[in-house]
Amino acid sequence: MQHWEKRKVEKLKQHSYFTGLTNEQEKVIYSDALKIGVDASAGSGKTRVLIARILRLLKEKKADLNEIVAITFTEKSAAEMRQRLLDAFHEYALKAKPDELNQWRLREQQLESARICTIHAFCAGILRQYALKLDFDPEFRILDELQSPLFLDRFIQSQIKLWIEDDPKVSELVVELSPQNFQKILEALFQYALHILPWLDEATQCSNEEYIHRNIQRVNERYEQYLLNFVKSKTINIWIEKLDKLLKEIPEEEEAIKGVCVFYISKLKCLQSAKKREDIIQIKDEITENKLRLNIRNKDVNGGLQGQVKKLRDDIKRTLEKEIIELKLDDETTPQSLNLTYRMLRLFDPFYHQWVQYKRQQGVVDFDDLIHLTYDLLNKHPEVCKEIADGIKYIFIDEFQDTDHSQVRFIQLLLSANPHLSFFFVGDAKQSIYAFRNAEVRVFQEQRKSIDSDNLFSLNYNFRSAPEILNFVNTFFQKTNLLSAVEEEYRPMQAHRRPYNKPRVEFLLSMPREEEKRTLKEDNVDIEAKVIAERIQSLVQGENPLMIADEKDQKLRPVCYGDFVLLFCTKNYIYKYEKALKDKGIPCFVVSSRGFFEITEVKDILNFLQVLVNPYHDIALLSFLRGPFCGLSDEQITRWQMNLPLRNMLLDTDKIPDALAKESAYLRVRSLYCYFREKTHLPIHELIQEVIDKTGYESILLGHWFGEQRIANLQKFLALARAYQEGNPISLYQFLRFVERSRDKIMEGEADLAVEAGNAVILTTIHQAKGLEYPIVVLPLLYEERQYKKSAGVNYHKEMGVIIRTKKKEDEKDNSIETIIKLQNAHDEYQEYVRLFYVALTRARDYLILSSNKKYLEEFYIKRKINSRLSLLADCFLLDDGKNTDLYHIVERQERDVSPKKKDLTKETKPMQYDLISPISITQQYFETEPIPATQILNFLFDDNYGEDADEIYEDILTMFHAERGIFYHQLLQVWDFQEDNKETLSKRLLNIITPEISEDIIKKEKDVCVGKIIDNPIYPVLKTNPPIWREVPFIWKVGSHFIQGTVDAILADGTIVDYKTGVNADNHAQRYWKQLEIYYYAMKDLGIKVNNKLILVYIDQLKYDIKDIEVSGRDILETEINHAIKRYIKEINQGYSR
């Protein structure tokens, strides 16, 4: 380095951004290479390096601020970068000479318009400037993630009927797929639209035969590569290591078991060295079809070893059977499915172009359009591309692992247009966790490979975490090599902070009270949540509080609640941990879990609106009563329920007991409901604003932690409602349906607002915590098994394309292409699952708590099944011995607080009460305002007085009242998890949760036979593989001007509706039963619940079930029948006819 350059560097180093740098960081900042790539580990100060590099370019006058483009992943990151630069400019200005002062002041002013932004904002700026080149309105409106699905939903609903009516090919597909499946597939294709354009072009430009041939060839090639990757994977190495270990432990006299181990080790090594698909499949067959026996001489001594070998052998066979398959691409289903896909894509092509045109006419674009249109502009107009590229000297891209191929394409166009344009990117493949936003980690890997080794830098020093935490994380990933898909050999992080000199990683193992044996997952979650709350409280308020280094002066201080964060993979159980913390009096705040509609303040409003539409919706009603609008305690609600079922409290005023009717809290709740029930004619956003204003909800939110953030979320929800109302009729019911349809599509979380720091525990998801750090990180639910995404009729992989599933029978397997796509997607999802764990572990600054229920750890060491983050940790570290090590210490805690006592079923129960209702004048107006029970509708239709579940019964139980017995079985099935098969265990457990309104006579009669009637029913295997996900679903269904209310017994995971019947399957009742299920089917569809066309009647006493496909086209007929039946009934009543 020349003397003048050294002086320049020394002068730069006087600024805080240039002091205390590592050698790695200095090399990155001072490199003058045209193309630079930086591989930055977690906590390595990459943002600081990026900003320091920009400051250096400005200081050395190599570029002006308007000649630099810095692209970040989020608006929040861009705002943070601008603020950091502003602070740096201030610092330079304070020390600047007079002639330099004006330059820094000017740069401060330029920051607002500087191109330091997200990639979408950068594209929007280009498009507005050159919109006329694309014949586009430069004043276009950008749809955010909340508005996009709303806009698309509006477009599909307005066009789908026209498509079906105008095009016979569309109507043919609708009939073939069913209207419901057709719309699902259509929505999925729109969701993937920009990413399936190559496959769309392929379908429109070639014949059916050629399309099928190309897809089969592509899948063949991809599967060949998949198999080669699998046989080289860590999984097979782990099997060989385990077999080697067992082989050494097995005594010489046990030749049979040793022979099995030797056989498997030999064959697995052959599998690893195989190069061709045929060889791989042949070796796999030799392994899975072998008949070697696990004979043992000394069972008492070596029985445990025999069991371990058997379990490992079964795991190997099961995995190989799943991962290595013989493709049958010439069978009947594969060409059939490809043919269906070909037809659907060709039909979708004009639909997609209509959608593009529709957005253009409306003057709107979504985020995907911004990328796609910018690429089109630069690609079709080289002169524009060159003009833009010539105005840029340096492009910086932060978080490059979160980009995708389409985003990189237009950057490459700019680089090609200006050979002197410098490109700098920084990222970490190990932190690529946004596949659901179409991020592609391979884009980062490809760019990294394209850089000269001299210009590819690594930042390995970690400035965030305590050395003890880094040592634990490094050991874990080095030993397991779990990140090998993105980093062939794990690159350990190096500590930059001072050590604590004692373990800073804790395994917190929760246990139930000894007297209780709980097996349901919900119970174990409750136990863990309470133990975590107790542990946090003891670390803050205990006799020996946890001490951590203060971030500012590094002096030790005791922790406070604001130091803790609980990070979750999914949103499912956050509410349980929030409740456990609040029960302990610990302040806490939930940062949006995954979807906008799951934010607490948004859910409060939605529950209120749901109650206004359907006061019989039990979950919404309970949430409304417990929430901020009513503020009732659980004890108060329980006391009310003892007088009257919860669902009758708002509408059935004639049944309200006098004592309750006079209670001030009840009067307040009822008056609140009645007031807003009369306001449901208002536009949605006005109704929501009225709720906020009249209840003082904003003031309530301001009293909570992070109140300003909550109010910002509320305003964002109001904006969504306003946007919805702009193009839709006033219908609260339809708005709630839209919300349900949009839940899975809207990934965006909270409103963009920097929340104030507070002394509260934060609960959030790992995705929300990306890029952040916390003094103490708690990772709950480590035992939770990873879940894979289910496709909604469309299987898609970015390298293999699209395939639409044909309508399959229950026992029909996926065709070969579907299987390969699912295998590849499962592999990709698992790799991201591991990276998500890496991100979670590296958020911790001073202390890391890894939490699990102890029973899952014990189960792992018995079964040795790798299916969760806990199993990955337990397979790496010996946690079963309970001993502390230099890396971690183990804390076992028992649940302490006492749950409410179970009700004693041996005590005498009161007989059921059946109120006699006096006849009233029946009018058309009455039926238009009061919901009619579904059973009453069936009475009208079949002209009888047959009560619900009033099935014929056996002679030995003729004395029982049929309704009470029906309630018994419905309650039994409502809590059954369909996992346990032991009749004796089930009988004890299930009978403990039957409510006391069931008489002792029925319990005594049924307790010995009830479980057998369920398990021995041929429906049981169906329910085990396809369990209910909805149970006892209440509804109000609008038919014409009438409302029908009822409760659906169960909806299975695949959307099948099930109804349970006690008694004999009499022919004259079957017609009524199926009609009842038809009503349930259309009611569920209108509620937005995903159901298929299958209906099942389960006859409990007869140990049988019937299944039937509903005729979708029969809806109009059913509604006509119901309306006529009601009119006939009213006419008969008013003419004096008495039923």
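I start with helix H35, residues 854–863, and helix H36, residues 869–876: their axes come within 10 Å and cross at roughly 60 degrees. Axes here are lines fitted to C-alpha atoms, for helices over the stretch in contact, and angles run from 0 to 180 degrees between N-to-C directions. Helices (H or I, at least four residues) and strands (E, at least two) are DSSP runs, numbered from the N terminus. That angle makes H35 oblique to H36; under 35 degrees counts as roughly parallel, over 145 as roughly antiparallel, 65 to 115 as roughly perpendicular, and the rest as oblique.

A word on the source: this is a predicted model, where local features need pLDDT of at least 70, side-chain atom pairs count only at pLDDT 80 or more, and totals for chains, interfaces and linings use all residues. Residues are numbered from 1 along each chain as its sequence is written, and side-chain values use heavy atoms, with hydrogens and water left out.

Which residues of H35 and H36 meet? From H35, Tyr 856, Leu 857, Phe 860 and Tyr 861; from H36, Leu 870, Ser 871, Ala 874 and Asp 875, contact meaning heavy atoms within 4.5 Å. By class, the residues of this contact are six nonpolar, one polar and one charged. Here Ala, Val, Leu, Ile, Met, Phe, Trp, Tyr, Cys and Pro count as nonpolar, Asp, Glu, Lys and Arg as charged, and the others, Gly among them, as polar.

Next, the sheets. One is open, has six strands in the order E3-E2-E6-E7-E1-E8, and pairs in parallel; two strands pair if DSSP finds at least two bridges between them. Strand E3 (115–118) and E8 are the edges, each with a single partner strand, so one side of each has no neighbour in the sheet. On average, neighbouring strands of this sheet are turned by 15 degrees against each other, direction ignored. Inside it, E1 and E7 run parallel and are joined by five bridges, with Val 38 opposite Val 426 in E7.

What covers the buried residues of helix H20? The cover includes E1 (35–40), E7 (422–427) and E8 (456–459), along with helices H19 (405–417) and H34 (816–841).

The other sheet is also open and parallel in its pairing, with seven strands ordered E15-E16-E14-E17-E20-E11-E21. Neighbouring strands there are turned by 25 degrees on average, direction ignored. Six bridges join E11, residues 505–511, to E21, and Glu 506 stands opposite His 889 in E21.
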